[in-house]
Amino acid sequence: MRLAVIPARGGSKRIPRKNIKTFCGKPMIAWSIEAALASTCFDRIIVSTDDEEIAAVARGWGAEVPFFRPAELSGDHAGTIPVIAHAVQWQQANGKAADQVCCIYATAPFVHAQDLQTGFQTLLNTGADYAFSVTSFAFPIQRAIRITKEHRVEMFHPEHFHTRSQDLEEAFHDAGQFYWGRADAWLAGKPIFSQDAAPVILPRHRVQDIDTPEDWERAEWMFRAQQQATAA
């Protein structure tokens, strides 16, 4: 049994009502729900929320909201793993227990159905506890600088000042889209960023974190440009 869980609490502060704010013509969460449905990976697609309006929007776009998330998992500091584990436990108690569970963020309009399929196959083929989306940093992290209290600069790794960029190891970061995991890994609270996780590498142009109004505007530019390129 394969379960999709889309966490979507109602208390976003930097972008109010972010999960259901209109993004390129649809509520933000609709893009994640549609990708999950199009992937045909899932026996059930659940939205985990504490908010009646989010629940109504989610149902309208084809997801289920069979429970409301408890208050202790709805605050600013609620972690992804406990939220998904709660949904897995609910599913165990109220139906067929899930074997593989995919967390899909509600604010991931760039997620593709094919990437979800690739993630599922990666989870199965590697034997990992998790398989999740990553992308590469655009600039070598070994040559990063910080701004000091005196408003000067210094390198995090000054030993690499003279190292050519092409000689530095490529680094990757979480793409913030989806996390496939084995149900027992979610329930055990195993960390996602570990040697027991496998990467699903995405191109940088299909990754955008959306935490601020500036992020939102940039994401809409990118999204529209990609839609136009696909239609051309």
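Mentor: Let's start with a working definition: contact means heavy atoms within 4.5 Å. Keep in mind as well that this is a predicted model.

Trainee: Thanks! With that idea, which residues does Thr107 touch?

Mentor: Leaving out residues up to four places away in sequence, Thr107 touches Lys18, Asn19, Met28, Ser32 and Ile210. You can find Thr107 in the loop between β5 (100-104) and α4.

Trainee: Is Thr107 buried or exposed?

Mentor: Buried means under 20% relative accessible area. Thr107 has 16% relative accessibility, so Thr107 counts as buried.

Trainee: Now for helices. At what angle do helix α1 and helix α4 pack?

Mentor: Helix α1 covers residues 28-39 and helix α4 covers residues 113-126; they pack at about 60 degrees, and their axes are 8 Å apart. That angle makes α1 oblique to α4. The crossing in which α1 passes α4 is right-handed.

Trainee: Which residues in α1 and α4 meet there?

Mentor: On the α1 side, look for Ala35, Ala36, Ala38 and Ser39; on the α4 side, they meet Ala113, Leu116 and Gln117. Sorted by kind, the residues of this contact are five nonpolar, two polar and no charged.

Trainee: Next, aromatic rings. What describes a pair of them?

Mentor: Two things: the distance of the centres and the angle of the planes.

Trainee: Where in the chain do Phe23 and Phe223 sit?

Mentor: Phe23 is in strand β2 (residues 22-23) and Phe223 is in helix α6 (residues 213-231), so to speak a link between distant parts of the chain, 200 residues apart. Both Phe23 and Phe223 are buried.

Trainee: What kind of pair do Phe42 and Trp180 form?

Mentor: A stacked one: the distance is 5.1 Å centre to centre, with 15 degrees between the planes. Phe42 lies in the loop between α1 and β4 (44-48), while Trp180 belongs to strand β9 (residues 172-182), so the pair ties together parts 138 residues apart in sequence.

Trainee: And how buried are these two?

Mentor: Phe42 is buried, with a relative accessible area of 13%. Trp180 is buried too, with a relative accessible area of 0%.

Conventions. Residues numbered from 1 in each chain as written. Predicted model: local features only at pLDDT ≥ 70, side-chain atom pairs only at ≥ 80, totals over all residues. Heavy atoms only, no water. Axes fitted to C-alpha atoms, helices over the stretch in contact; angles between N-to-C directions. Helix = DSSP H or I, 4+ residues; strand = E, 2+ residues; numbered from the N terminus. Parallel < 35°, antiparallel > 145°, perpendicular 65-115°, else oblique. Left-handed = near helix turned anticlockwise from the far one by under 90°. Nonpolar A, V, L, I, M, F, W, Y, C, P; charged D, E, K, R; others polar. Buried < 20%, exposed > 50% of the residue type's maximum accessible area, 1.4 Å probe, protein only. Phe/Tyr/Trp six-rings, centres within 6.5 Å; stacked < 30°, edge-to-face > 60°.
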